[in-house]
Every structure is written in C-alpha cells, then in structure tokens.
Amino acid sequence: RLQTALLIGLLGFAGLFLAFTFPRAPYPRRAERPDRVVFVVGKQFNFAVSERPITNDREWEEVVQFGEPVTVSAGELVEFRVTSFDVNHGFSLYGPDRTLLGQVQAMPGYVNRLRFRFTEPGRYEVLCLEYCGNGHPRMRGYFYVK
C-alpha cells in the first residue's frame, strides 16, 4: 500500500510539474513563421553560416573563405537549417557569455531545424559537439546579433 501511494504521489507531482513548466518553455510555437532563416552546413572542420542555401562544396568553400558574417536583429525568431556534407556534427549555439543556448545534429542528407529568438546583441559562436576527427576542436562558425 505504501509503495502504491508513493508511486501515485510521484506521478501526480511529475504531472503537475510538467503542466506548469511546458507552457513556459522558451521554444516557439510550431506554426509560428520565422523572421529569418539561416543556413548552416558542417564539413570537416568548419561551419558555413549563410543567409543563402549552400548546396555544394564550392558554395561551402566560398562562404567559409569569403562570406560576410550573418547578422540578425535582436527579437527576431531565427530558424537555423542545419545539415552536413560529410559526417555527423553537433551544431551547438553559444551566446556571447559562452553559455550553451541550443543544440541540434548536423547530419548528411538531412536538414534539422533549430529555432531561437535572440534577446541580447553580440557575437554568437557555433561549435561542434560531435567528435568528427582530429580537427574537431577547431570546428566553429559565428554570427552577430545587433
């Protein structure tokens, strides 16, 4: 009897906890359209971050070597469309104070979407969280929020 009562109590507490916390989650509603779309392609050992789709290795190289940094406005809902041209990478989004804000996998042949509404201006960094080879610690990208 005591175990049953304890289990029912824990399940009730978990249900209440979820009921109060899920509506306050910082994630945008699925039907909400993003204000900006940013395209991200991971390839050993760099992330190309662009306002235009990157469809091949030549475009990836141009963005990495000569592309202008992407700038978004604070308050905009930004959708990152993340993929990879070679192996799995971990697209992790870090704020100006180096805190992890969000993460999604960059996988070849698949586009994952990560939506985020930025509130603070600054330089945001993208780091790889999935070990992808010897150059993994150097794999990064960045963009700005104004």
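In this predicted model, begin by selecting the aromatic side chains, among which 10 aromatic pairs are counted. A pair of aromatic rings is described by the distance of the centres and the angle of the planes.

Next, select Phe80 and Phe118. Their ring centres lie 6.2 Å apart with the planes at 85°, so this pair is also edge-to-face. Phe80 is in strand β4 (residues 77-84), while Phe118 is in the loop between β7 (112-117) and β8 (122-128), so the contact ties together parts that are 38 residues apart in sequence. Both Phe80 and Phe118 are buried.

Now extend the selection to Phe116, Tyr124 and Phe143. Together with Phe47, Phe80, Phe91 and Phe118, these residues form one aromatic cluster.

For a contact between a charge and a ring, select Arg123 and Tyr142. The charged end of Arg123 sits over the ring of Tyr142, at 4.2 Å from the ring centre.

The following stops concern charged side chains. Side chains of opposite charge can pair when their charged atoms come close. How many salt bridges does the structure hold? The count is 10.

Select Asp35 and Arg117, which form a salt bridge with their closest N and O atoms 4.0 Å apart. Asp35 is in the loop between α1 and β1 (36-43) and Arg117 in strand β7, so the bridge ties together parts that are 82 residues apart in sequence. Asp35 is partly exposed, with a relative accessible area of 47%, and Arg117 is partly exposed at 36%.

Then select Glu76 and Arg36, whose side chains meet in a salt bridge at 3.5 Å, N to O. Glu76 lies in the loop between β3 (71-72) and β4, and Arg36 in strand β1, so parts that are 40 residues apart in sequence are tied together. Since buried means under 20% relative accessible area, Glu76 at 17% counts as buried, as does Arg36 at 18%.

Move on to Arg98 and Glu125, where the salt bridge has an N to O distance of 2.5 Å. Arg98 is in the loop between β5 and β6 (100-106) and Glu125 in strand β8, so the pair ties together parts that are 27 residues apart in sequence. Glu125 is buried, with 10% relative accessibility. Finally among the charges, select Glu79, Arg81, Arg113 and Arg115, which are joined into one network by salt bridges that share partners.

Turn now to the surface and select Phe13, Phe17, Leu18 and Phe22. These residues form a nonpolar patch with about 470 Å² of accessible area together. Phe17 is in helix α1 (residues 2-21) and counts as partly exposed at 47% relative accessibility.

To finish, display the whole chain as a cartoon. It contains two helices and nine strands, in the order α-β-β-α-β-β-β-β-β-β-β along the sequence. The radius of gyration is 19 Å, well over the 15 Å that the globule rule gives for 146 residues, so the chain is more spread out than a compact globule. Its C-alpha trace spans about 70 × 35 × 30 Å along the principal axes, and buried residues make up 34% of the 146 residues.

How values were computed. Residues numbered from 1 in each chain as written. Predicted model: local features only at pLDDT ≥ 70, side-chain atom pairs only at ≥ 80, totals over all residues. Heavy atoms only, no water. Patch = residues over 30% accessible without salt bridge, like charges linked within 9 Å, V, L, I, M, F, W, Y side chains within 5 Å. Areas by Shrake-Rupley, 256 points an atom, 1.4 Å probe, with all protein chains shown as cover. Helix = DSSP H or I, 4+ residues; strand = E, 2+ residues; numbered from the N terminus. Buried < 20%, exposed > 50% of the residue type's maximum accessible area, 1.4 Å probe, protein only. Phe/Tyr/Trp six-rings, centres within 6.5 Å; stacked < 30°, edge-to-face > 60°. Lys NZ or Arg CZ within 6 Å of the ring centre and 35° of its normal. Rg over C-alpha atoms; globule rule 2.2 N^0.38 Å.
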